[in-house]
Amino acid sequence: GPNGAGKSTLLAILSTLLAPTSGVVKYGEADARTAGPLLRSRLGLLGHDLYLYPELTARENLEFFARLYSLAGVRPLVDRALAHAGLLDRADDAVSAFSRGMRQRLALERALLHGPRLLLLDEPTASLDPAAARDIRAQIRELASRDGVGVLWTTHNMYEVADVCDRVLFLSHGKILLEGDPRTLPGEHGKETLEELFITVAREPLTLERG
């Protein structure tokens, strides 16, 4: 959806960081309004705010979050995460010295430290160069296919949606206008590409509202 459609707000609600003004969010039988701590132990979140402390080193950041989750074997766990992010050689450097792509990779490992079953991503490749964005997409695909992690992410990049996702939802003003398979959805609405469909949702949402 376009800016202001409600994407980031939805992720904040799903991650229990924001309470909905109406409706209920449930994971199985767990109500997000009362089971926040339990649910947060099963969720991973990578938002616009990367939740990293720039004055700490990469290792110190991951060790801090590992201890927040009361994880065992912190040192080897953090070493594996740093290696997976390609940052083991920069482990003792302050995050403030990292590029945006390096911080993004570190933040993704931070979100995955505790083995979440659902990963919530808010434009995870925004501001990254094409090579870094490709690496992030590949890692997320691997998580979903190999480890069975559910992934929900927001993006303006329709190439990413077509490349990675098996279901897409278009939002406008907080409402779901369209949903379906990204490979077939454009043709169902008389468009050739997801990009054309996205532009229509952004500019003329009333023409696509469901009856």
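Q: Helices are DSSP runs of H or I with at least four residues, numbered from the N terminus. Which helix holds R203?
A: R203 is in helix α9, residues 194–203. The structure is a predicted model.

Q: How confident is the prediction, in mean pLDDT of the chain?
A: The mean pLDDT of the chain is 90. Of its residues, 97% reach 70 or more.

Q: Which elements have the lowest and the highest mean pLDDT?
A: Helix α6, residues 130–146, has the lowest, at 86. Helix α3, residues 58–68, has the highest, at 97.

Q: Why is R203 called exposed?
A: The cut-off for exposed is over 50% relative accessible area. R203 has 68%, so it counts as exposed.

Q: How far is R203 from S172, in sequence and in space?
A: They are 31 residues apart in sequence. From C-alpha to C-alpha they are 9.8 Å apart in space.

Q: Why does K175 count as exposed?
A: K175 has 53% relative accessibility. Exposed means over 50%, so K175 qualifies. This residue is found in strand β7, residues 175–180. K175 and D129 are 46 residues apart in sequence and 31 Å apart in space, C-alpha to C-alpha.

Q: What makes T9 partly exposed?
A: Partly exposed lies between the 20% limit for buried and the 50% limit for exposed. T9 has 43% relative accessibility, so it falls in that range. T9 lies in helix α1, residues 7–14.

Q: Why is Y51 called partly exposed?
A: Y51 has a relative accessible area of 35%. Buried needs under 20% and exposed needs over 50%, so Y51 is partly exposed.

Q: What is the phi of H173, and where does H173 lie?
A: H173 has a positive phi of about 50 degrees, although it is not a glycine. H173 lies in the loop between β6 (168–172) and β7.

Q: What makes H173 exposed?
A: Its relative accessible area is 70%. Exposed means over 50%, so H173 is exposed.

Q: How do you know that the span of α5 is close to the expected one?
A: Helix α5, residues 100–112, has 13 residues. From its first C-alpha to its last it reaches 18 Å. The expected value at 1.5 Å a residue is 18 Å.

Q: Why is α5 said to be largely enclosed by the rest of the structure?
A: Ten of its 13 residues are buried, so α5 is largely enclosed. Buried means under 20% relative accessible area. The buried residues of α5 are G101, M102, Q104, L106, A107, L108, E109, R110, A111 and L112. They pack against β3 (43–46), α3, α4 (74–84), β4 (118–122) and α6.

Q: What makes α3 roughly parallel to α5?
A: The two helices pack at an angle of about 20 degrees, with their axes 9 Å apart. Angles under 35 degrees count as roughly parallel, so α3 is roughly parallel to α5. Their crossing is right-handed. A58, L62 and F65 in α3 meet L106, E109 and R110 in α5.

Q: Why are α5 and α6 called roughly parallel?
A: Their packing angle is about 15 degrees, and their axes are 11 Å apart. The limit is under 35 degrees, so α5 and α6 are roughly parallel to each other. α5 passes α6 in a right-handed crossing. The contact is made by R105, L108, E109 and L112 of α5 and by I136, Q139 and L143 of α6.

Technical notes
Residues are numbered from 1 along each chain as its sequence is written. This is a predicted model: local features need pLDDT of at least 70, side-chain atom pairs count only at pLDDT 80 or more; totals for chains, interfaces and linings use all residues. Side-chain values use heavy atoms; hydrogens and water are left out. pLDDT is the predictor's confidence in each residue, from 0 to 100. The expected span of a helix is 1.5 Å times one less than its number of residues. Buried means under 20% relative accessible area, exposed over 50%, partly exposed in between (1.4 Å probe, protein chains only). Contact means heavy atoms within 4.5 Å. Axes are lines fitted to C-alpha atoms, for helices over the stretch in contact, and angles run from 0 to 180 degrees between N-to-C directions. Angles under 35 degrees count as roughly parallel, over 145 as roughly antiparallel, 65 to 115 as roughly perpendicular and the rest as oblique. A crossing is left-handed if the near helix is turned anticlockwise from the far one by less than a right angle, and right-handed if clockwise.
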